[in-house]
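This report goes through a predicted model.

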Amino acid sequence: MEEQYCPVIPGFHPDPSICRVGEDYYLVCSSFEYFPGVPVFHSRDLLHWTQIGNALDRPSQLRLPLDTPSSGGIYAPTLRHHDGRFWLIVTNVSDGGNLLCTATDPAGPWSDPVRLPDVPGIDPDLAWDADGACWCTVAGVHQVRIDPHTGEVFGPPRQLWSGAPGAKAPEAPHLYQIGDYWYLLIAEGGTERGHGVSIARGPAPSGPFEPCPANPILTHRSTDHPVQNTGHADLVQAQDGSWWLVLLGVRPGGGTPGWHVLGRETFLAPVTWTDGWPVVGDLVSGPEVTGSHRDDFEHGELSPCWISLRDRPTEHCTTKDRPGWLTLRARGVSLNQPDVVFVGRRQQHPACQARALVDVSTGRGGLAVRLDEEHHYEIEAATGEVRVIARIGPLRSIVASQPLPAGPVVLAIEIAPRAARDARTGPDTIRLGVESDGVLTALAELDGKYLSTEVAGGFTGRVLGMYATAGTVHFDWFDYDF
Ligand code: 6LW
């Protein structure tokens, strides 16, 4: 049987950046058009991670205008601990570019941002030298010295190093002082199957940089490794002196070209050193977990894994209308619209089920698997009828419908991986239906390949969620089983 490589943080959690303080590790990821932005995780062993918050959780930090496209918004943060504080630098590609926030507790609250209008580009990194100068390095790879307290920039950005000659997209730079050298770690080859990680070193944070003779130090391009697109890494030293890389990778499924549906996930790899260069070992599998998680909406606060589109979850839903229920009041009339009311959580496991008890007596809504505005399947209920809708690119179809008896209904989406039978077999099947007495009656069974990054494009993965497209829809509970 093929070896299983589980991510350490499964689901759409790309562009990981990590730092350690004592025995605690903290890690952040990109979040794109979803609100809140930049999920923050904590671990003691690098393998088991718990989400402790989201760095950008209010409009003074994060603006995602309605015209923010899917895969726009928040890209590639860097998290560092310096001078007794946590520092987060990140790009909002849809509003204002680079920004920097600080916190004494990474769970939050994070400060209002210092804006960096004079730092162009994406994937900003922060590093401080022994004199206290702060170096900001961005994709390209360019560098500029900044005052992180004010956002002031000293001089024009300078080009540092662009990785292998001819390789596309030198990006995701991270700069570290280790021993006698400054190391510049980058990703190159693009975030698709050609992705890789390379490194160079030099005597000072500004270089000059000499590339590692063994570059790329990590890539799965042209291999049959089950984890592909590996790149965009960050380095950390454990308390015992060992070194580790966190990186993004994808798990394509099905036939050819292989479709990945959970987005780019966070993986872990060991690092050793030879002749002053890092040598990256094979990925370490994260825990293979099964479980069940119920949100029963009895308590006012939603857990930090819940995300909504372009605005705070509190603008999409409330627990105040009906005690013990989550209420969604519709704005946009379909999931194709940027202002649709949708609250979801990332699909984190290839095999899983989402279920919810829904009351549609005063509206229309249901459960959806969403990749972006143009790629989603939903099971939608309204008075007297339940139906399955599929949107794939410009095409929208009501795939099935049936009468719905009065009263709350359990809607369910069941996702199961598929073994490839021929070259065109999709990665999984998605069954959408109505559950009664624990038995799912599927209205439709659809190929999951159309809700994959290879079909839809972009940087995100699937999100499973609740939505309303007319009136007011109440949800008593939401189960995510995996
Ligand atoms: C990110 C870039 C990348 O800014 O994808 O894989 C972009 N790497 O570094 C968006 O996540």
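Arg 364 has a relative accessibility of 26% and so counts as partly exposed, a class between buried, under 20% relative accessible area, and exposed, over 50% (1.4 Å probe, protein chains only). The model is predicted, so local features need pLDDT of at least 70 and side-chain atom pairs count only at pLDDT 80 or more, while totals for chains, interfaces and linings use all residues. Residues are numbered from 1 along each chain as its sequence is written, and side-chain values use heavy atoms, with hydrogens and water left out.

**Salt bridges**

The side chain of Arg 364 forms a salt bridge with that of Glu 380; the term stands for a side-chain nitrogen of Lys or Arg within 4 Å of a carboxyl oxygen of Asp or Glu. Glu 380 lies in strand S30 and Arg 364 in strand S29, so the pair ties together parts that are 16 residues apart in sequence. Helices (H or I, at least four residues) and strands (E, at least two) are DSSP runs, numbered from the N terminus. Glu 380 has a relative accessible area of 3% and is therefore buried. Salt bridges with shared partners also join Arg 294, Arg 355, Glu 435, Asp 479 and Asp 481 into one network. By this rule the count comes to 30 salt bridges.

A further pair is Asp 95 and Arg 63. Asp 95 is in the loop between strands S7 (85–92) and S8 (97–103), and Arg 63 is in the loop between strands S5 (50–56) and S6 (74–82), so their bridge ties together parts 32 residues apart in sequence. Asp 95 is buried at 17% relative accessible area, whereas Arg 63 is partly exposed at 42%. Glu 373 and Arg 310 also meet in a salt bridge, and both residues are buried.

| Salt bridge | N to O distance |
|---|---|
| Asp 95 – Arg 63 | 2.9 Å |
| Glu 373 – Arg 310 | 3.1 Å |
| Glu 380 – Arg 364 | 3.7 Å |

**Strand S15 and its partners**

Strand S15 (residues 181–188) is mostly covered, with seven of its eight residues buried. S15 runs antiparallel to strand S14 (residues 171–178), to which six bridges join it; strands pair if DSSP finds at least two bridges between them. Trp 182 in S15 is the bridge partner of Gln 177. Two residues separate S14 and S15 in a hairpin, and Gly 179 in the turn has a positive phi of about 60°. S15 also pairs with strand S16 (residues 196–202), in the antiparallel sense over seven bridges. There, Ile 186 stands opposite Ser 198 in S16.

**Ligand site**

Around the ligand are 13 residues, of which Asp 15, Asp 123, Thr 191, His 232 and Arg 264 come nearest; a residue is near if one of its heavy atoms lies within 4 Å. A side-chain N or O atom of Asp 123 is 2.5 Å from a ligand oxygen, and one of His 232 is 2.9 Å from a ligand oxygen. A ligand nitrogen is 3.3 Å from a side-chain N or O atom of Glu 171. The protein covers 98% of the 290 Å² of accessible area that the ligand has on its own, by the Shrake-Rupley method with a 1.4 Å probe.

**Nonpolar cores**

The largest nonpolar core has 43 residues, and Leu 328, Leu 367, Ile 379, Leu 411, Met 466, Phe 475 and Phe 478 touch the most other members. Strand S36 (residues 463–481) gives the largest share of this core, seven residues. Another core, of 22 residues, lies apart from it and includes Cys 212, Val 227, Ala 269 and Leu 283. Such a core is a set of buried Ala, Val, Leu, Ile, Met, Phe, Trp, Tyr and Cys residues joined through side-chain atoms within 4.5 Å.

How values were computed: A polar contact is a pair of N or O atoms within 3.5 Å; within protein, one must be able to donate a hydrogen and the other to accept it, and residues adjacent in sequence count only if both atoms are side-chain atoms.
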